Amino acid sequence: MKRLLLAAALLCGSAPLAAQTIAITGGTVALGDGSDPIVGGTVVIQNGKIMGAGVGIPIPRGSEIVDARGKWVTPGIIGGFSRLGLSEVDLSADGTTDDRAPGGPFSAAIDVAPAVNPMNSTISVNRADGVTRAIVAPSTARSIFAGQGAMIDLGADRDPITSARHFQFVELGESGAATAGGSRASAHLLFRNALREAAELGRYTQRASSRAAPSEDPVVRDPNESRTTGPNAQRSDDVLLTRFDAAALVPVLQGRQYLLVHVEQANDILQAIALKRFYPQLKMVLVGVTEGWTVADRIAASGIPVIASAVNDLPSSFEQLAATQSNIGRMRAAGVKVAIGMIDDNDSRYIFNQRQYAGNLVALGKVPGATGVSWGEAMAMITSKPAEVIGMGARLGSLGRGRQGDVVIWSGDPLEMASEAQMVWIDGVRQPLESRQTKLRDRYQTLERNALPEAYRR
Amino acid sequence: MRGSAIVGVAVAAAFLPACVAKTPPAKAPPIRINDDPYPSTYSRYSGAPTIIRNVTIFDGEGGQIDNGSVVFADGAIVATGDASLAVPAGAITIDGTGKFVTPGIIDVHSHLGDYPSPGTEGNSDGNEATGASRPEVWAEHSVWPQDPGFSRALANGGVTALQILPGSANLFGGRGVVLKNVPARTSQGMKFPGAPYGLKMACGENPKRVYGNKGGPGTRMGNVAVTRATWLKAQEYDRKWDKYDKSGGDMPGRDLAMDTLRGVLDGKIFIHNHCYRADEMAIMIDMAKEFGYKISTFHHAVESYKVADLLAREGICSAMWADWYGFKMESYDGIKENIPLVDRAGACAIVHSDDANGIQRLNQEAAKALADGRRMGHNVTDAYAWKWLSYNPAKALGIADRVGSLKPGKMADLVLWNGNPFSTYTRPDKVWIDGAMMYDSANPRLRPVSDFELGQPGEGDVK
């Protein structure tokens, strides 16, 4: 019945149920910060934010009480690296994919934010499985720079962007080498040249900002800003990047925008760390990092956080020869900050697999010789860690006080495949869990011939 | 049948002309063509007589024994039973407390070996995409036995047998091959002895996409027309050879493509039909009737739930993913309840991988389908759902008389899991194939390492 009501609400185009004070009581509560779950905990959401979670949390008068006894309560899952919202159908469906632009002239300047479509069926399918946010990156096409990615939410509304142009994404492994003309050496040179071109514009913007009011932000946040594209912006003659692309790299160079670097092979990882030493202001995050365990101490020493594939264990390419499911556990043990992402792994639609992957890392604890992670750490790697590695840990990813009210009630342990998300809140707003899939399921519950064809059943 | 009374073609060619020249009026007797020219050389490794006690058993045909015992020796299951089952003299005893034992998982749809790791161009051997109809190719001639993926399927996935199929670029993709998941130097060394061949067919998007700009077909109706025209030729070929096999005379010309299709028309080769959409499955069913063959299994079958009644009536299996959807138009209507809806309709449901990673977690994929089904009111037991992973795939491959369940006499292909195999937290503890222990999580020496991985970073690591 509840399902029918929510479906009706969706059909009428009404907004999801309004935010209020919600107290979820009696559940097994996982804070998402790496700690063990708390039996019989309370979670209070007020004005769209977490007011408190744990034991002995006061319940404000007038709260809507949600009885979660026998259930599990966690922060919403965050897609650690994805292309969610950029593709409705990946193959042979003209017009439905927006993750890359092989026919366009731009690279680093590309901003995925306008392309994220909150009405994509991939959003509703993943929301129904407890995914509430996702890091969304563009894919590379003609340059090693893919462009600027965003943090999005999966709410059933028209405003998916949590933080636009939050990071730049660059390929510096096998894929980067191919795009750079065929070699890693070329990719690194293109990278250094791109930062040189950005520096040229950066110097100009610094001069410009010194004449501006002190309160004016010297950072180029939007590549369309006239400071880097106007008639007075100087460039040398030997440039490879379009002006927009060079301008987009200014905030990367200034350390005001994160730089996500995709590398898998140990040697590529070390070369990326070396770049960080050369450009110390870069706010680098390594993505993929299949062979990370072989150089885990050096990643840890660099302080660079990682978004890793969780269960890669095949030498599916020569840059992943040392692949093992123990990679994350070993990096974690060496002191690397690690989040789980869906790097090149059906990243447009199966973000719901992250909880399965996290569970698999826990399973390694029972395999002799393997290195797993604790349940709490595994949960953190799909909730708070993806937020923390891109500097959003104070806003998202855990049930800590003041975080956005992204909460999921599960029928059981969320890292078990038998469990389902039963209630989902994003920014404190209760979300519908229907999708095309649930409607198809309901239509075909019976195959008996009715008075009218199936097309009339809904 | 196969492997007996075989005369080589070369031998036939050597004495036929002479024979014809000497006695022109008399019809030469028919010569049997060797239908197994690349025979299995697999033979089981030795294993000690073993009893696993105090273990939860899913027998693969829906049965469960709590606190049970299973005995195997000489490569075969001897008995399953409760705690009172006698310990055979000299048997190794394994305590299965807190653990589960199941038949080994059988994957009906894998590309290990023909799309191996690493996935370089030089290793890409799964699609003979040089013509829309290529029934003459055999996947076993592409299978690289050193694909590291086989060991992951064994150690992480508990997969003991698998069918390697050609890809789906072609309407007729070629023959598949069923392998024992035991490392060998050659694909023949892995071949499941006596398993029937499969023929891969494909509907829908892939053939028309690949050939739309290469001479066609470029539409679904073109796919069907070319497929039917090919079957017409096969029928003619079959008639010619039936006549020759009966009464001899001049040997008709041999055609490798037609040999395979004739094997299908004669019921010896099983059809494995890549098909996503319900409407296309219905067309392929009519096509099978038009030309007189049987479809064993629709693969991927993401819309089987829309025609599950038809599939039950026709006795056709569906090999499915738990939750794949939307990656192309013909998978757009994929739903998470596909497997339980097919099962509930009384049709044969199989969990398949088509993926070198997914094959390591088929038990978890089945767990998803089981849970989604229960939420929909399809209340089946864990032990029942194991049929989707062993017995039903064995049936689809024509080897259910030898594997797929723990019935006495069957091959001792079994997995001891370190917990309930439908839990994310569970992994294989030990895996036996034909009674030989091929994986032991506690023993690094019992972990296969392919030639490719020797001398590479991570050699012999837990994977």
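The radius of gyration is taken here over C-alpha atoms, and the globule rule is 2.2 Å times the number of residues to the power 0.38. The model is predicted. For the 463 residues of chain B, the rule gives a compact globule a radius near 23 Å; chain B has 23 Å, so the two agree. Along the principal axes, the C-alpha atoms of chain B fill a box of roughly 75 × 50 × 45 Å. Eleven helices and 16 strands make up the secondary structure of chain B. Of its 463 residues, 54% are buried. Among contacts in chain B with a separation of 6 or more, 70% join residues 24 or more positions apart.

Helix H4 of chain B covers residues 220-247. At 1.5 Å a residue, its 28 residues should span 40 Å; the end C-alpha atoms lie 41 Å apart, which agrees. Buried residues of H4(B) include Asn223(B), Thr227(B), Trp231(B), Asp238(B) and Trp241(B). Their cover includes strand E8 (172-180) and helices H3 (205-211), H5 (256-265) and H6 (278-291) of chain B. Gly248(B) follows H4(B) and has a positive phi, near 70°.

Chain B also touches chain A. The contact takes 48 residues from chain B and 42 residues from chain A. On the chain B side, the elements that give two or more residues are H2 (149-155), H3, H7 (308-314) and H9 (362-375). H9(B) gives the most, with five residues. The residues on this side of chain B divide into 20 nonpolar, 13 polar and 15 charged.

How values were computed. Residues are numbered from 1 along each chain as its sequence is written. Chains are lettered from A and ligands numbered from 1 in the order in which they are written. This is a predicted model: local features need pLDDT of at least 70, side-chain atom pairs count only at pLDDT 80 or more; totals for chains, interfaces and linings use all residues. Helices (H or I, at least four residues) and strands (E, at least two) are DSSP runs, numbered from the N terminus. A residue is buried if 20 or more other C-beta atoms lie within 10 Å of its own, exposed if 12 or fewer, and partly exposed in between; C-beta atoms are placed from the backbone. Two residues are in contact if their C-beta atoms, placed from the backbone, lie within 7 Å. The expected span of a helix is 1.5 Å times one less than its number of residues. Ala, Val, Leu, Ile, Met, Phe, Trp, Tyr, Cys and Pro count as nonpolar, Asp, Glu, Lys and Arg as charged, and the others, Gly among them, as polar.
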